[in-house]
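Here is a colleague's note, meant to be read slowly with the model open beside the text. Please follow each numbered point on the display before moving on to the next.

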Amino acid sequence: MAARLPAEEIRLSALVSRRSELPLTPPLSVPDALPFGELSPPVFERVVCEVMWLVDGMNDIRGYGRSGQDQGGLDLIGRQKGKTHVYQVRRIVSLSAPALRAAVTDFTGPSRTTSPEEEWSERRFNTVRFVLATGCIVDDTAVEDELVALQEQYQDDIDIDLYDARTLSRFLRDRPSIVAGVFGPEWAKAFCGVETPPVPSLPHGYALLNDPLDHLGLADALHRAQLAETEPGPAAELFGELADALEQASFTGHARQLRTRQRDLLASAGQADAAFNVAAKLMLDRYESGDRMFVDEHLKRLARDAGGTASDIYMILQALADWFEYGYDLPPVTTALETVVQACNPLAARLVLAVIEQIVVDEHPNDHPARLSDLASEVLPSQTGLVRIRLECSLADLAVNAGQSPEESYGDLDRRALGGRIPERFAVLVHMRRGRALALADLGSEAVEAYRRAVLAATREGLGGDARHALRSLSFLADQHNVGFRESSQAMLSARTVGAKGARLIDLAFNPAVSALEALVDDRLPDASRAAHQWLWQDRISGALTDENLAHQRYGEVFNRAGETKHAVRHFVLAGRRKDACSAAESAPEFLDVRDLLEVRARWVCSAAAAVIGQQADLIPDDAVTGIAARLTDIVVTGLQSGLAGIHPVMQALGALGALDERLPAASAQQVLPLLVECIPREPNTSRHIDEQMLAFLGACITAELPVADQAAQALLDAWKLDVHGAESLLAGLHTHLPAVVPVIRERAQQGHRGATAVLADWQMDDPSVAETARNLADTVLGSVRWVV
């Protein structure tokens, strides 16, 4: 008998948001299995959903049925490689062989490989696999034998699996974030052997309004430290301990005030090395929180007095401060970092991270960060927490820039994030950075799935800001990859629902986007440049794709106002702002080389780069034409043949090839023309998106007198006969190149085709049809005049 129709639909986000409200038995020292029987039915359904999603790799997961019933009743549906899988959830205390058979046959009906078609029953969801998930341990050999018998009975029809409590526990052994979220941190520690990190919290409200040291019971210690300032060495030690206590309680701003006093006391005590180390840490803290760094003469004197690696650290800090406004040369900074890393300085990893993230953000073609990548790999094993994840993501991004696929470069990070070996709070960053890398490689569906995972993880961890940015990225990708207006608008609506609520994993002490826009409005270009660059930095390393593009746009506007056309065009292209990029490039007196951006697979980037090349076609150096045309040809051919690249890259690349005019390479013409010929047949007066660019390309083939010129001329004639918009005016302008088509046009003119007559008139051809048309038009005009009179 076929199963009943679904009673309700439950989305993945609702399933994985369920939390246990029942007290669980404390775990044994080394439990063999998780206590699924103590979970409420809805929470057990969440566990099975997590296994589907993270272990079996299902996408588009939905729940159908009556959620929360003691005997289950909920079917979870997932898709993998276009195939549907059904998981039936039953939180039961035991399972017998007859019960297993009944569960399977109630859903599947008779086997379609061993029964005649008239005996088949309807199956829901057209599934290829059925999994029964139970909350009990199955030790009965009769059940195991029955499972094997069912698998053989339904072979080549539908796959049958059984997930019991022991199987589910084995799946979750390496996923402490899920275990902690469902069963609690004690179970995660006992079962997985991993302590889950606490979520950062705000300081106590009373302490924020008053003295935090008083709230922490340390006011007397501060008083003693102030009295002891006549002995700067001991006083500095006490100020340092108080700063540590404030940092542990999240009073970072107050802690910095005491750190500054500690620095000055250490300098007074003649402890130059310790004073510089505190000063350098203060500078790095300011950089990481987004506050402006002032690398002044005082720090320079401390570096000179300290010796050792202090001068190298000073150079690196100066470069970090300069980057937001001026940039810097990477090689000398890398050399300084090598010295700091070899000396095992405590700040080495943070300094490497700061530099490597700036290189990742800029993605400048002249940077060669191989040595920097080696340094990051060297300091990585000693790091934990967010610093380690950020280093790993940066190394993955540099590998992508070097030509490795995003799937390969982010493969290990992705497996660890999905497997729970990375705390879910940090996994948010992995999903977003991976999603961004996949999107730039034009792997739209994979990028969408990565950002969906980021939304779910961020909401569970209270990172509302990151959830909002992931949703905005989903909306953007839905538009770019034609997923549908509903999906795009739904994601944006959800982002607006989240708003600015909640924190971001990589947060700053201020909002650089607001600062950049305010400075732009006030025409304070230096301030706008710095803030826009910081905005770009935050959203790029957070994986916030949509807002990274907005930052590129505003940064481009700053450069455009400042007359820095080259930089303006580059940022407009990266933002996908074709019209802005072309408008800025229009006034450039020389070729703006965007060939590296033309290689980017993301459709909004390569289409904007192609548009700029089309705008500047006359300025392209002769020795660069062949290479540029080859890449443009690849975009057109791939797009027309597969339809996977989107229409905009094809339009802009085809238009840029046409703009090459007489310099169009014959190889490009030979590859593209046959595909365009296939686009011409249609109903009369019907247009296609690429018509304008197609005609420009045909015209270039003809004027360049390429070997395919005759085929191009015939294609143009065919387009003209079908009244393709623009074909007639192009035909009229190519008189000297098309003597062979005159008889065809005369024939159509004699048949009364006014367009043909107009072409002959433009060509100043002596033909009776031209005179006849002229007389008819004159009679029409004179008749109208007489009627008016």
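By about how many helical turns are arginine 388 and glutamate 392 separated in helix α19?

1. Arginine 388 and glutamate 392 are separated by about one helical turn, because they stand 4 residues apart in helix α19, which covers residues 385-401. Helices in this note are DSSP runs of H or I with at least four residues, strands are DSSP runs of E with at least two, and both are numbered from the N terminus. The side chains of arginine 388 and glutamate 392 meet in a salt bridge at 3.5 Å, N to O, where a salt bridge means a side-chain nitrogen of Lys or Arg within 4 Å of a carboxyl oxygen of Asp or Glu. Arginine 388 is partly exposed, with a relative accessible area of 25%, whereas glutamate 392 is buried at 10%; buried means under 20% relative accessible area, exposed over 50%, and partly exposed in between, using a 1.4 Å probe and protein chains only.

2. A word on the basis of these values: the model is predicted, so local features need pLDDT of at least 70 and side-chain atom pairs count only at pLDDT 80 or more, while totals for chains, interfaces and linings use all residues. Residues are numbered from 1 along each chain as its sequence is written, and side-chain values use heavy atoms, with hydrogens and water left out.

3. By the salt-bridge rule, the count comes to 47 salt bridges. One of them joins the side chains of aspartate 139 and arginine 166 at 2.9 Å, N to O. This pair links distant parts of the chain, 27 residues apart, with aspartate 139 in the loop between β5 and α4 (141-153) and arginine 166 in helix α5 (residues 165-172). Aspartate 139 is exposed, with a relative accessible area of 54%, and arginine 166 is partly exposed at 41%.

4. Aspartate 291 forms a salt bridge with arginine 256, their closest N and O atoms being 3.0 Å apart. Because aspartate 291 lies in the loop between α13 (272-289) and α14 (297-306) and arginine 256 in helix α12 (residues 252-268), the pair ties together parts that are 35 residues apart in sequence. Salt bridges also link Asp244, Glu247, Arg259, Lys281, Asp285, Glu288 and Arg350 in a network.

5. Threonine 127 is found in the loop between α3 (97-108) and β5 (129-134), and this residue is buried, with a relative accessible area of 6%. The side chain of threonine 127 reaches the backbone oxygen of arginine 129 at 2.8 Å, and a polar atom of that side chain lies 3.5 Å from the backbone nitrogen of valine 86.

6. Strand β4 (residues 83-90) is largely enclosed by the rest of the structure, because 6 of its 8 residues are buried.

7. Valine 430 lies in helix α22 (residues 424-440) and is buried, with a relative accessible area of 0%. Leaving aside neighbours within four places in sequence, valine 430 is in contact (heavy atoms within 4.5 Å) with Ile389, Cys393, Tyr410, Leu413, Asp414, Ala417 and Ile422. Valine 430 and isoleucine 389 are 41 residues apart in sequence and 7.6 Å apart in space, C-alpha to C-alpha.

Conventions
Polar contact = N/O pair within 3.5 Å; in protein donor to acceptor, adjacent residues only side chain to side chain.
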